[in-house]
Amino acid sequence: MTERILQEKGLVVRHSALELFEHWAMALSGLVLLVSGMFQLPMAQRYYITSIPGLAWSGDFMASLYLHYAASVVFVAVGLFHLVYHGLKGDWGMLPRKGDLKASITVIKSFFGKGEEPPFSKYLPEQRLAYVGMALVIALLIFSGLVKTYKNLYAPDMSLTVVLWATWVHNIAFVLFILAFVGHIGAIVLKPNRPMVRGIFTGRVRLDYARH
């Protein structure tokens, strides 16, 4: 275990302040992108969201679009920083390893009382697999979003085929992102994973849990 141990407090520093910032900047900007994207469908007026005090603007397409663009700047910037910074540092702990799929099945079974959860290092095998899956979805969102943005700002006469492909990819990735988000929240609701909730907010987890 290479993480810093706070022996007197019975805690382990699982995530640094920078990693927490990356996580929450990505999560919050991603949520803003989801909401502002749905407002552009348009869903705000259809489901009377515009009637909620303070959300009258949600029915304005341009307001939602500008909010979407602003959130995307944060989303893309943090994503690129994450890749470059951790890549240069050689932080490969979240990348899948041989046997992760089989180990993930064993872990998931243990959650439902079928067998014991085997010991692992900092990240569980299913976390590593989920990380790559989410990275792929985010890459699709960013690439297709950049194509759509370029079309809106610089190339209104862009090929209809390219625009349609970008739109379909963006929409499918949008749905996958929602499903991944729900899965992410669902995973920490499971009792064996609850000790990690503290780490999401403070970067620290109980020492006895980490050792277990």
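Which residue in E3 does Leu11 stand opposite?

Analyst: Leu11 stands opposite Arg206 of E3. Bear in mind that this is a predicted model.

Start with the strands. E2 covers residues 11–13 and pairs with E3 through three bridges, in the antiparallel sense. The sheet is open and has three strands. Their order is E1-E2-E3, with antiparallel pairing. E1 (5–6) and E3 (204–206) are the edge strands. Each has a single partner strand, so one side of each lacks a neighbour in the sheet. In general, strands of a sheet pair through backbone hydrogen bonds.

Now the helices. H1 and H2 pack with their axes 8 Å apart, at an angle of about 150°. The cut-off for roughly antiparallel is over 145 degrees, so H1 counts as roughly antiparallel to H2. Their crossing is left-handed. The contact of H1 with H2 involves 13 nonpolar residues, ten polar and two charged.

H2 gives the largest share, eight residues. By type, the lining of the second largest pocket has 14 nonpolar residues, eleven polar and one charged.

Notes
Residues are numbered from 1 along each chain as its sequence is written. This is a predicted model: local features need pLDDT of at least 70, side-chain atom pairs count only at pLDDT 80 or more; totals for chains, interfaces and linings use all residues. Side-chain values use heavy atoms; hydrogens and water are left out. Helices (H or I, at least four residues) and strands (E, at least two) are DSSP runs, numbered from the N terminus. Ala, Val, Leu, Ile, Met, Phe, Trp, Tyr, Cys and Pro count as nonpolar, Asp, Glu, Lys and Arg as charged, and the others, Gly among them, as polar. Axes are lines fitted to C-alpha atoms, for helices over the stretch in contact, and angles run from 0 to 180 degrees between N-to-C directions. Angles under 35 degrees count as roughly parallel, over 145 as roughly antiparallel, 65 to 115 as roughly perpendicular and the rest as oblique. A crossing is left-handed if the near helix is turned anticlockwise from the far one by less than a right angle, and right-handed if clockwise. Two strands pair if DSSP finds at least two bridges between them.
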